[in-house]
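Subject: Handover of a structure for your study

Dear colleague,

Please find the sequence and the structure below. The notes that follow set out what was found.

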Amino acid sequence: MTTTPQAVRRASPRTRRAATPPDPARPLLPDAEPVRLLDKSGTPLPARTDYPEPPVEVLRELYRRMVLGRRFDTQATALTKQGRLAVYPSSRGQEACQVGAVLAVRDSDWVFPTYRESMALVARGIDPVEVLTLLRGDWHCGYDPTEVRTAPQCTPLATQCVHAAGLAHGEAYQGRDTVALAFIGDGATSEGDFHEGINFAAVFKAPVVYFVQNNRYAISVPLSRQTAAPSLAYKGVGYGVPSEQVDGNDPVAVLAVLTRAVAHARAGNGPFLVEAHTYRMEPHTNADDATRYRDGAEVDAWRDRDPIARLETYLRARGVLDDAAVAEVAEQAEAYAADLRTRMNDQPSVDPLSLFDHVYAQPTPQLIEQREQVRAELAAARDEEGDA
């Protein structure tokens with residue numbers, strides 16, 4: 001059985017419990033401790049009226065997409081080692097954030113990802129080969145942003161914060177109830193574009209949810225060297241933006257908190273800032289050696305908080321997931337990975353002269369000269385092959 005990207009999207013639950021927007025008059029500061037609805041073993045904690053648990057059918061779908069997402073992530077990492085991708089930033093360990101975030105928004109909303117959100121994009125239903133096109137070394141992202149309402153993956157840190165604010169403001173100005181979801185890493189909160197984007201959104205009450213995945217390291221720089229704030233969520237108060245912090249490895253809590261944050265923005269109350277406390281299990285990218293700045297004991301401690309195992313334990317205890325269902329999801333994930341491998345083995349045909357396309361609206365004399373130089377070199381190489 002092959003699980004297509006379209007099947008990923010079609011399987012979304014059609015009915016969701018309406019979320020109650022937070023009271024705009026509530027204090028701007030987040031809870032002192034991250035919101036948590038499951039303990040690290042998957043046992044439910046006391047229910048919270050401010051963050052009600054999502055419907056069970058949504059949690060089952062969250063589990064399914066998290067399993068598919070992790071299998072996609074490990075397959076993409078393998079493709080990088082095989083030379084099929086130029087680079088790949090893994091999000092293993094952050095499945096609750098990656099998938100929970102896209103389940104909290106509508107297909108008609110806009111998503112602004114960073115370079116690490118490949119798993120979120122496939123969870124949104126985008127073809128995995130199209131997702132990996134940019135990381136393969138192409139000059140454009142492989143999908144049509146307007147069709148899937150998803151901006152290209154952003155490599156410069158925090159620039160998507162400004163883009164999200166502008167789009168959300170424009171949509172609201174035209175009377176649409178679109179919400180923009182902007183993914184951010186903890187390191188990006190140290191960039192000027194983060195502050196400019198959230199300040200603009202606050203002033204104009206743009207419907208944006210800024211979702212910070214605090215995975216403890218900006219490449220090798222630990223969080224303690226980035227901020228002295230008690231939590232990155234506290235950065236919202238300076239702009240008049242309400243915020244919350246959540247256990248980013250608790251899938252139920254992530255979806256509950258983001259659902260209310262999205263409802264807040266959609267109701268016209270302006271932006272909302274959410275910080276998820278999570279961990280990047282793999283190196284920053286395949287070019288990084290994480291052992292140089294963190295030890296194995298730290299990684300092992302976070303492995304015990306695995307978000308997929310946590311949700312599986314909870315759903316089994318609820319009686320809505322059993323061995324057969326787990327095996328079926330695992331089979332879907334393997335089929336998904338096999339289809340990705342097969343299609344990624346097809347080498348794209350690239351015209352070297354396309355390197356000179358789209359550099360300038362009107363090619364400069366120097367660019368034309370360089371293009372003709374390359375054209376002549378290619379012709380000479382073909383002649384040599386013919387003589388051989």
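A crossing of two helices is called left-handed if the near helix is turned anticlockwise from the far one by less than a right angle, and right-handed if clockwise. Helices (H or I, at least four residues) and strands (E, at least two) are DSSP runs, numbered from the N terminus.

This is a predicted model, in which local features need pLDDT of at least 70 and side-chain atom pairs count only at pLDDT 80 or more, while totals for chains, interfaces and linings use all residues. Residues are numbered from 1 along each chain as its sequence is written, and side-chain values use heavy atoms, with hydrogens and water left out.

Helix pairs

Two packed helices are described by the angle between their axes and the distance between the axes. Axes are lines fitted to C-alpha atoms, for helices over the stretch in contact, and angles run from 0 to 180 degrees between N-to-C directions.

Helix H3 (residues 95-103) and helix H9 (residues 251-269) have axes that come within 9 Å and cross at roughly 35°. The crossing of H3 and H9 is right-handed. Contact (heavy atoms within 4.5 Å) involves Ala96, Cys97, Gly100, Ala101 and Leu103 of H3, with Pro251, Val254, Leu255 and Leu258 on the H9 side. By class, eight of these residues are nonpolar, one is polar and none is charged. Here Ala, Val, Leu, Ile, Met, Phe, Trp, Tyr, Cys and Pro count as nonpolar, Asp, Glu, Lys and Arg as charged, and the others, Gly among them, as polar.

The axes of helix H2 (residues 56-81) and helix H5 (residues 128-136) come within 12 Å, crossing at roughly 40°. H2 is therefore oblique to H5; angles under 35 degrees count as roughly parallel, over 145 as roughly antiparallel, 65 to 115 as roughly perpendicular and the rest as oblique. Phe72, Ala76 and Leu79 of H2 meet Pro128, Val131 and Leu132 of H5, and this contact has six nonpolar, no polar and no charged residues.

H2 also approaches helix H11 (residues 307-318), with axes within 10 Å and a crossing of roughly 145°. This crossing is left-handed. The contact of H2 with H11 comprises eleven nonpolar, no polar and four charged residues.

The sheet

Five strands form an open sheet in the order E1-E2-E3-E7-E6, with parallel pairing. Two strands pair if DSSP finds at least two bridges between them. Strand E1 (110-112) and strand E6 (243-247) are the edge strands, each pairing on one side only. From one strand to the next, the twist averages 20°. E6 and strand E7 (residues 272-277) run parallel and are joined by five bridges. Gln245 stands opposite Glu275 in E7.

Helix H8 (residues 192-203) packs on the sheet, where H8 touches strand E2 (180-185), strand E3 (208-214) and E7.

Yours sincerely
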